[in-house]
Amino acid sequence: MADRRQVLRFGAVAAAAPALGGAVASPALAHDKPGSHPARQTLVVGHRGASGYRPEHTLASYELAARMGADYMEPDLVSTKDGVLVCRHEPEIGGTTDVASHPEFAARKRTVVLDGVSVTGWWTQDFTLAELKTLRATERIPGTRQHNTLFDGLFEVPTFQEVLDLRKRLVKELGRDIGVFPETKHPSFFRSIGLELETPLVKILRRNGLDRRGAKVFIQSFEAKNLKTLADHYRVEVPLVFLTSASGTPFGDTRTYADYLTPAGLEELSEYADGLGPDKSQIIPRTADGTLGTPTSLVRDAHRAGLKVIPYTFRAENTFLPAELRTGTDPAAYGKAIAEQITFLRTGIDGLFTDQTDIGVLARSLA
């Protein structure tokens, strides 16, 4: 077992809650019952903050996640033209800011080949931080999260440093350690245009005293090469998490995600990574009719390799839920999200990414 895996520490305090009689979906392991894992601690990660309640990747979203009990806030990191790390799900910001309403930036709309795919829009690498700060965040999926559109135009695009400053303030105010779970977005792409993400990320963590053993930080990426660089070249002390998709390959990689998740692939991965962040369908796939199927062996295989498993993404709306856990016919209405999360928690996962932090905290206490 690699020494760096000893860095990994998962701490979480479950919130007290009443029993949830009869709501757990059928694929839960047969020997598991509510309250059967009192000693197992799992993490609740506020996915892009509390993005089910506020526009994603805003300080308001991160703060709400922390106040709802998230163990970690999850910022996705991209770069500005002047090399500042900011929090956006993608470098293309036409769908998450009001940039289209700024005539002074109309000419900056262009098509970029991002990881082999042509995408048209506005790009963070074409804006200085000062220019980006004149924009305001908007809800990415307004048809599903109409409530979040109430906050369109209110919040800036935050820098990673501003997220760490928020974390520091909330740790003091709330009296508990709150972690950050940054993701490097498209690191090969940014390196190809001279704005590599690794150096500024490591510098910011070290400047804030957070690249050390025991710090409540994880770094995650969909590119295994990016994680290996962080481990071997930058010698980061915090745990690294490899994100995987249910299909395809990491950009610029000859190996598929499926190959990385074989027992042999997991053993090799564990030489430089500490955990996995798989698509939740890789833990419990869905059947042809959209219901939950039989759990795979991934959790067991990853644990045997010494890797923790934190799947993504758990959301409360019907459109994201398995068929048997939807309520009514409105795709934007809430379904039985607590039941879904309990079902997954009982497979032995070590945490989960959720858009609705309060649901994750409650499900953890009931699993």
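**Close-ups of a predicted model**

**View 1. Helix α10 meets helix α11.** Helix α10 (residues 337-345) packs against helix α11 (residues 357-366) at an angle of about 50°, and their axes sit 9 Å apart. That makes α10 oblique to α11, oblique being what is left once angles under 35 degrees (roughly parallel), over 145 (roughly antiparallel) and 65 to 115 (roughly perpendicular) are taken out. Axes here are lines fitted to C-alpha atoms over the stretch in contact, with angles running from 0 to 180 degrees between N-to-C directions. Helices (H or I, at least four residues) and strands (E, at least two) are DSSP runs, numbered from the N terminus. On the α10 side, the contact (heavy atoms within 4.5 Å) uses Ala337, Ile338, Gln341, Ile342 and Leu345.

**View 2. The largest pocket.** Its volume is about 490 Å³. Of the 28 lining residues, Glu90, Glu183, Lys185, His186 and Phe222 lie nearest the centre. A pocket is an open set of points on a 1 Å grid where a 1.4 Å probe fits, with protein on both sides within 12 Å along at least five of seven lines; lining residues have an atom within 4 Å of a point.

View 3. The Tyr312 to Thr313 peptide bond is cis, with omega near -25°. Arg48, which isn't a glycine, has a positive phi near 60°.

**Notes.** This is a predicted model: local features need pLDDT of at least 70, side-chain atom pairs count only at pLDDT 80 or more, and totals for chains, interfaces and linings use all residues. Residues are numbered from 1 along each chain as its sequence is written, and side-chain values use heavy atoms, leaving out hydrogens and water.

Key:
Grid points are joined across faces, edges and corners, and a volume is the space filled by probe spheres set on the points.
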